[in-house]
Amino acid sequence: TGGGGGGRGSAMAPAEEPVPPGVPSCPLPGKICDVARGERPGSCCGMAMAGLRTAKYQLPEWHRRNAKVYNQAYTTGEESERDRAESKHLSKHAAGCAQRAQQYSKSTLGQRLQDIHFWRVELQKEIMELDAETNLLAAQKLRLQRTLDATEVPYGVVTDNLQCRERRQPPDLVIDEVERQLLKEADLIRNIRDLLKRTIIQATNQIRSNRIQKECCELDWSDKVETYHIDDKCVGYDNDSTNIQAHPSSVKFEENASTPKTWAQFSHDNIYNAEQEKLASVQLRSLINTIIHDVSEDLRMQRAASNEAFDNHCRELDDAKLRLEQHLEKILKDIGEQEANIVALKQAIRDKETHLKVAQTRLYDRSFRPNIELCKDEAQFRLVSEVEELTVFLEALKRKLMESEQCLKKLEETRMKLEKEIAVKANSIFIDREKCMAFRIRYPVDLEVASYK
């Protein structure tokens with residue numbers, strides 16, 4: 001220990017060869033070794049004894065030998081002490097650097113955890129919002145389907161109205177305003193159904209896109225949750241941890257590893273794409289509301305126009321039927337009067353024929369007057385004149401009777417026509433009012449309201 005201390009003290013002074021201490025002389029043992037003079041070290045025995053002297057050392061040589069051994073021991077101790085100091089310094093420096101590196105790595109992992117947590121929260125928020133938006137769009141799609149189902153009743157009503165009106169009888173089988181409105185209504189409902197079907201397909205595709213993008217965000221979120229747990233476990237590691245091991249091959253980077261920029265851009269792109277799909281979904285929901293409202297309003301207005309056309313046409317039919325009935329009533333009265341007139345004419349003809357028979361009988365009987373009594377007297381002329389007058393009257397009455405009978409025939413034909421027209425109008429009124437308008441009561445009041453049921 002004293003030698004070591006002396007070494008540390010002399011380490012600061014210039015290196016000097018130490019002076020060996022004085023050793024008192026003592027007699028050497030008296031053993032004498034005989035050595036043959038002629039032997040050389042090349043022999044077998046000489047090689048075995050290489051490095052050993054067989055002769056005795058001289059005293060100065062012995063002192064130099066001791067000094068050399070002391071010097072070597074001193075130098076070796078000095079080098080050992082310097083090596084220990086350097087080792088202690090290096091260990092302390094390495095321990096500090098390792099501690100700082102470990103703390104810095106832990107801080108970096110903590111910052112990384114914050115970044116992962118940020119994107120994880122953003123992705124989770126986007127997933128929830130996209131899921132809620134998808135549910136809202138699915139509800140709107142259900143409204144579209146219910147609206148489409150609700151249009152089956154109006155289309156069936158309009159088709160039934162058109163088919164019923166095909167059973168009208170001529171001349172009422174015409175393309176009137178009611179038929180034009182019904183055809184327009186049928187075209188409108190077909191267009192509405194086509195629009196609703198296209199919108200349902202669009203909503204289905206958007207829901208699929210929303211779910212695909214949601215799945216992408218969920219995969220990214222799941223990866224970040226797993227990564228967060230891994231990095232959080234890494235933050236908890238320290239030198240006292242029992243589950244740490246040596247993994248020399250873990251230092252190398254993976255070929256498919258991402259950079260912080262591409263890592264953040266990946267999540268940013270997922271969120272951006274989700275926002276775009278969500279915006280498209282919101283716009284589509286607004287469009288669906290507008291479509292349902294517009295088609296409901298258009299169908300309501302067309303329904304009102306068709307009902308108004310039905311009302312107007314039914315009033316026209318009622319007016320026409322009433323005028324026909326009034327004409328029929330007058331014709332029936334005329335027929336009765338004409339029949340009475342014919343009876344009177346026949347009676348007048350019979351009366352005139354009786355008068356003619358009387359006059360002709362008188363002339364016939366007077367033609368049997370004898371001889372000179374067969375005279376063309378005033379009575380004869382009067383009877384002849386009476387017969388002629390009666391004949392003229394009879395012919396006139398018979399002509400009038402024929403004319404009256406022809407007139408009565410025309411009146412009967414007119415009556416039949418009027419009755420047929422009245423029956424046609426009654427049938428048209430029955431079809432339009434009792435069949436069509438009564439069936440249109442089943443028409444849904446509002447498609448927009450029906451879409452919520």
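Because the model is predicted, local features require pLDDT of at least 70 and side-chain atom pairs count only at pLDDT 80 or more, whereas totals for chains, interfaces and linings use all residues. Residues are numbered from 1 along each chain as its sequence is written, and side-chain values use heavy atoms, with hydrogens and water left out.

The secondary structure of the protein consists of eight helices and zero strands, where helices (H or I, at least four residues) and strands (E, at least two) are DSSP runs numbered from the N terminus. Along the sequence the pattern reads α-α-α-α-α-α-α-α. Of the 453 residues, 27% count as buried; buried denotes under 20% relative accessible area, exposed over 50%, and partly exposed the range in between (1.4 Å probe, protein chains only). Among contacts (heavy atoms within 4.5 Å) with a separation of 6 or more, 90% involve residues 24 or more positions apart.

The largest nonpolar core comprises 31 residues, a nonpolar core being a set of buried Ala, Val, Leu, Ile, Met, Phe, Trp, Tyr and Cys residues joined through side-chain atoms within 4.5 Å. The residues with the most contacts inside this core are Leu144, Val158, Ile192, Leu196, Ile288, Leu299 and Tyr443. At least two core residues are supplied by each of H3 (59-150), H4 (152-165), H5 (177-236), H6 (260-366), H7 (378-439) and H8 (447-450), and the largest share, 10 residues, comes from H5. When residues up to four places away in sequence are not counted, Ile192 touches Thr151, Val295 and Leu299. Apart from this core lies another, of 21 residues, which includes Leu328, Ile331, Ala348 and Val387.

Grid points are joined across faces, edges and corners, and a volume is the space filled by probe spheres set on the points. One cavity of 30 Å³ or more is found in the whole structure. The largest cavity holds about 30 Å³ and is lined by Ser296, Leu299, Arg300, Tyr443, Pro444, Val445, Asp446 and Leu447. H6 contributes the largest share of this lining, three residues.

The largest pocket contains about 630 Å³ of space. Its lining has 15 residues, of which Arg112, Phe253, Glu254, Ala257 and Ser258 lie nearest the centre. H5 and H6 each supply at least two lining residues, and the largest share, four residues, comes from H5.

UniProt, in an unreviewed entry, places the feature "coiled-coil region" at residues 310-348 and 394-428; its positions are given in the numbering used here, feature names are shortened, and annotations may be inferred rather than shown by experiment. Residues 310-348 are 100% helix and 0% strand, with end C-alpha atoms 55 Å apart. Residues 394-428 are likewise 100% helix and 0% strand, and their end C-alpha atoms lie 50 Å apart. Cys407 is located in helix H7 and is partly exposed, with a relative accessible area of 33%. The C-alpha atoms of Cys407 and Ile335 are separated by 8.9 Å, although the two residues are 72 residues apart along the chain.

Note on methods
1 Å grid on protein atoms, 1.4 Å probe; cavity = no way out; pocket = protein on both sides within 12 Å on 5 of 7 lines; lining within 4 Å.
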